[in-house]
Amino acid sequence: MERNLTLITVFAALIVVLGLVPAIPLGFGVPITLQSLGVMLAGAVLGSWRGALAVLLVQGLVALGLPVLAGGRGGLGIFVGPTAGFLIGWLPAAFVTGFIVERIRALPVAVAAGIGSVLGGIGVLYALGIVGFWLFKNAGMGPEDTPMSLWTATLIMAPFIPGDLVKAVLAGMIARTIARYRPSALIARA
Amino acid sequence: MTHGIDIQSISLTREGAEVFRDFSLQLRERRIGIVGRNGAGKSSLIRLISGLVAPQSGMVKVEGVDVLKDRAGALETVGLLFQNPDHQIIFPAVVEEIAFGLEQQGLSRAEARARARSVLAHHGRADWEDRLSHALSQGQRQLLCLMAVLAMEPRWILFDEPFASLDMPTGLAIEARIKALKQNVVIVTHDPSRVEGFDRILWLEAGKIAADGSPDEVLPRYRAAMEDLARSMAC
Amino acid sequence: MTHGIDIQSISLTREGAEVFRDFSLQLRERRIGIVGRNGAGKSSLIRLISGLVAPQSGMVKVEGVDVLKDRAGALETVGLLFQNPDHQIIFPAVVEEIAFGLEQQGLSRAEARARARSVLAHHGRADWEDRLSHALSQGQRQLLCLMAVLAMEPRWILFDEPFASLDMPTGLAIEARIKALKQNVVIVTHDPSRVEGFDRILWLEAGKIAADGSPDEVLPRYRAAMEDLARSMAC
Amino acid sequence: MLSLALPKRSWAHKLPASVKFGVLAVLMVGLMQFGTLTGQLIGLALAAGLTLSLGLTASKIALQALRPVLWIVAVIVIWHFWQREFSQGAVFGIRVVAMVGLANFVTLTTPLPEIIALVERLAQPIRHFGLSPRLPALAVGLVLRFIPELRARYAAMTDAWRARSPRRPRTKLVAPLAFSLLDDADHLAEALRARGGIAPLPTRRDQHGT
Ligand SMILES: Nc1ncnc2c1ncn2[C@@H]1O[C@H](COP(=O)(O)OP(=O)(O)OP(=O)(O)O)[C@@H](O)[C@H]1O
Ligand SMILES: Nc1ncnc2c1ncn2[C@@H]1O[C@H](COP(=O)(O)OP(=O)(O)OP(=O)(O)O)[C@@H](O)[C@H]1O
Ligand SMILES: O=C(O)CCCC[C@@H]1SC[C@@H]2NC(=O)N[C@@H]21
Ligand SMILES: [Mg+2]
Ligand SMILES: [Mg+2]
């Protein structure tokens with residue numbers, strides 16, 4: 001019990017600390033950040049439920065107004081901002097990543113964690129992130145304004161793809177090292 | 001042309017608390033013991049000497065090497081046994097931990113590993129070769145740290161409470177090994193009997209030298225003062 | 001109706017290495033010392049007694065409480081001083097660290113803080129109130145851990161090498177305080193002189209009891225064996 | 001510490017945390033609902049007025065906290081103006097600044113222990129699931145503890161590296177650092193267990209005495 005709690009808090013803290021690595025701001029309000037690597041790792045190492053709880057904890061800290069997101073941001077305002085979809089999407093992203101590592105036991109940890117990160121940490125995450133961004137852009141528009149199409153919102157996210165693929169590979173490698181030297185900590189496979 | 005350790009008017013503040021102010025010290029003896037109360041500054045002092053902590057002002061040289069700036073030089077000159085093994089151990093595997101310092105001194109990976117294995121065997125711990133360092137007991141971890149430092153054979157070796165977690169035979173064996181080292185040695189300890197036959201004893205008190213001299217001069221006074229203190233605290 | 005510590009045929013494997021097999025032990029004495037070599041299983045044993053490590057089979061009861069399952073009950077029954085202070089300290093601030101255990105015992109936040117402050121004052125460390133635990137020296141951290149455990153006043157207190165990092169007067173003062181405790185005490189130590197007047201001494205060797213009896217029976221034999229070993233290792 | 005804080009107590013510190021967070025939540029929803037420029041301007045005026053009422057130093061700290069958001073907003077607003085969507089750009093820009101300003105106001109005037117106490121009160125219902133209501137608060141406290149710890153671990157490990165190597169560790173410390181964090185989690189779990197763990201609290205101290 002206690003170990004679940006402390007592992008979850010360690011990964012929540014890891015996600016926060018990865019936000020201290022300078023993020024690359026992009027013009028439309030969603031930065032390139034290492035924090036999503038933390039989200040992938042939380043899922044890959046802790047598994048679906050615990051990984052999701054680690055993200056939930058970070059979201060709780062954001063809601064409390066603590067500056068835990070890249071660039072020292074925090075507060076309820078984030079949940080209505082351009083990155084809201086991504087921030088909320090971190091939760092299912094970690095869950096799906098973990099779920100895949102838990103289920104595909106036939107594959108080596110590194111591969112499963114890599115695939116999980118791509119499907120959860122990119123696929124699922126972008127789906128929510130794009131919708132969130134699209135809603136944000138089109139909120140509060142008058143009838144005379146031209147709304148942005150969902151397709152345009154999707155295209156805008158292209159710059160994230162290379163970085164996020166690298167993160168998925170990293171997550172796979174780190175998960176493998178943990179499986180080798182601290183097998184009991186890799187709860188997703190324990 | 002040996003210069004020993006040369007500490008020149010150092011001031012050190014750690015997290016807002018002043019540990020040393022305008023502190024100077026020359027150490028040339030082969031066997032030096034440092035005693036003093038908890039928080040006196042013993043660990044801070046030997047961290048300064050090994051160039052891990054930067055003073056706010058002043059300068060530390062060991063055998064002419066500026067340990068803070070010239071890290072490559074410092075490596076051949078001073079080695080440090082950390083007080084807490086958790087703060088020293090880097091690698092997950094025992095062999096890697098010992099081999100690391102040797103590789104840094106220029107041995108190839110294979111040579112370093114071979115030497116690490118022979119170091120383990122020499123200390124009667126050949127069976128530790130495949131063990132993971134986090135699964136050792138506290139005393140075993142301290143012994144691992146000791147082996148890693150001794151293997152590098154720097155000219156000065158600084159030991160911060162080397163016997164704190166060792167069992168009696170290991171403690172005695174290490175004490176004998178340290179006594180037999182040809183290198184210069186500084187030992188920080190709370191147990192005065194461990195530094196009885198040394199060349200020089202420093203008694204540190206709140207960042208200042210309270211006494212400095214031969215064991216016969218310093219240790220009896222230190223013991224008496226500590227026992228006095230204990231009596232006044234016990235009530 | 002006191003039952004003491006009751007260990008029933010325990011088997012414990014840590015990371016693949018067997019530490020205890022079918023190990024049983026009853027402890028009823030008020031003052032118990034445990035000695036033994038590095039890696040003998042001393043820390044593992046008292047972790048089992050405090051319900052921190054789950055054995056693969058067997059059962060531990062302290063005063064009738066199943067320490068593994070009934071954590072709230074265990075809180076009033078056993079307290080543990082960790083061997084490494086870094087593994088025990090939870091909170092960044094000294095006061096919080098002491099207050100936490102008291103809050104866990106049901107005191108309100110304000111009461112717990114007030115008690116924590118009086119504990120600090122009682123140990124002559126009232127000025128630590130606002131200090132951060134990570135900025136204490138190693139020995140100061142060990143003292144903090146000791147204060148935190150003593151403040152909770154469980155019926156059994158287990159000390160894992162309580163004197164390892166303490167200076168002489170603090171060590172002697174704590175020894176006196178422990179001697180005066182009305183609770184039951186178990187001390188693990190590498191220094192036999194610390195448990196000289198105890199009611200019972202256990203000598204642990206590779207997960208088995210090598211000797212068990214009064215200090216007069218066990219300690220001289222232990223000392224002699226350790227010195228023999230040291231001689232054979234020194235060469 | 002990492003959280004936003006003011007050096008001095010202000011009038012707003014005296015308000016209960018629950019009231020501040022409650023009002024903030026209502027205002028957030030309100031600002032999202034009203035698409036009109038006047039609505040947003042009222043929000044902005046409120047945020048600015050509240051912040052200024054804390055004094056000059058506090059306002060400076062608040063402005064600093066706003067900086068990273070400000071320029072992202074600026075870029076988007078410029079883009080809207082470029083597209084000649086003037087009203088949309090203005091509504092967007094003012095809304096984000098007002099929201100973040102209000103959220104920062106609450107954070108700045110509520111000390112962390114009060115925030116944690118609030119979490120504890122909000123979490124009371126999880127008692128029904130056999131969990132201690134202190135759990136979420138403890139979790140928040142532990143994360144905040146681990147954040148500086150992570151940096152300290154990194155610092156300690158670079159010390160250990162420097163003591164035996166003249167080279168920079170670069171990425172070589174990533175794996176050891178990960179292990180040491182996982183070990184930390186293990187040690188912390190044991191430390192928590194040793195003091196009763198996360199089981200629901202006993203109600204009275206002498207409950208288990210015999
Ligand atoms: N990491 C740190 N950060 C800030 N201050 C520290 C740190 N470590 C120690 N200090 C402070 O510096 C002073 C000297 O500490 P130091 O560790 O050098 O003492 P010491 O003599 O080695 O004590 P001990 O016998 O307990 O090991 C103490 O007052 C302590 O509070
Ligand atoms: N965290 C751990 N994981 C796995 N194995 C461990 C762990 N800690 C200790 N061990 C192993 O269990 C055995 C007993 O260790 P334990 O820590 O109980 O010894 P100890 O008697 O307390 O030694 P010391 O005097 O060095 O503290 C040792 O062989 C050790 O390698
Ligand atoms: O800080 C926030 O408010 C959340 C930022 C979310 C950024 C997303 S995560 C996936 C994608 N990849 C990146 O590098 N950034 C975006
Ligand atoms: Mg020290
Ligand atoms: Mg031990």
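Student: What percentage of the 235 residues of chain B count as buried?

Tutor: Happy to start there. This is a predicted model, where local features need pLDDT of at least 70, side-chain atom pairs count only at pLDDT 80 or more, and totals for chains, interfaces and linings use all residues. Residues are numbered from 1 along each chain, chains are lettered from A in the order in which they are written, and side-chain values use heavy atoms, leaving out hydrogens and water. With buried meaning under 20% relative accessible area (1.4 Å probe, protein chains only), the share for chain B is 60%.

Student: Why does the radius of gyration of chain B agree with a compact globule?

Tutor: The radius is taken over C-alpha atoms, and the globule rule is 2.2 Å times the number of residues to the power 0.38. For 235 residues the rule gives a value near 18 Å, and the two agree because chain B has 18 Å.

Student: How many helices and strands does chain A have?

Tutor: Helices (H or I, at least four residues) and strands (E, at least two) are DSSP runs, numbered from the N terminus. From that end, the elements of chain A read α-α-α-α-α-α-α. The tally for chain A is seven helices and zero strands.

Student: How much area do chain A and chain D bury between them?

Tutor: Buried area is the accessible area (1.4 Å probe) that two parts lose on being put together, summed over both. Carbon and sulfur atoms hold 78% of it here, and the total for chain A and chain D is about 4,300 Å².

Student: Which residues in chain A lose the most area to chain D?

Tutor: Three residues lead on that side, and together they make up 15% of what chain A buries there. They are A:Glu2, A:Leu5 and A:Leu64.

Student: Which side chain meets D:Asp183 in a salt bridge?

Tutor: A salt bridge needs a side-chain nitrogen of Lys or Arg within 4 Å of a carboxyl oxygen of Asp or Glu. Between chain A and chain D the count is three. In the one with D:Asp183, the N to O distance is 2.7 Å, and the partner is A:Arg182.

Student: Which helix gives the largest share of the side of chain A that touches chain D?

Tutor: Contact means heavy atoms within 4.5 Å, and by that rule chain A brings 46 residues and chain D brings 54 residues. Helices H1 (2-18), H3 (48-63), H5 (109-138) and H7 (160-181) of chain A each supply at least two residues of that side. The largest share, 13 residues, comes from H1(A).

Technical notes
Buried < 20%, exposed > 50% of the residue type's maximum accessible area, 1.4 Å probe, protein only.
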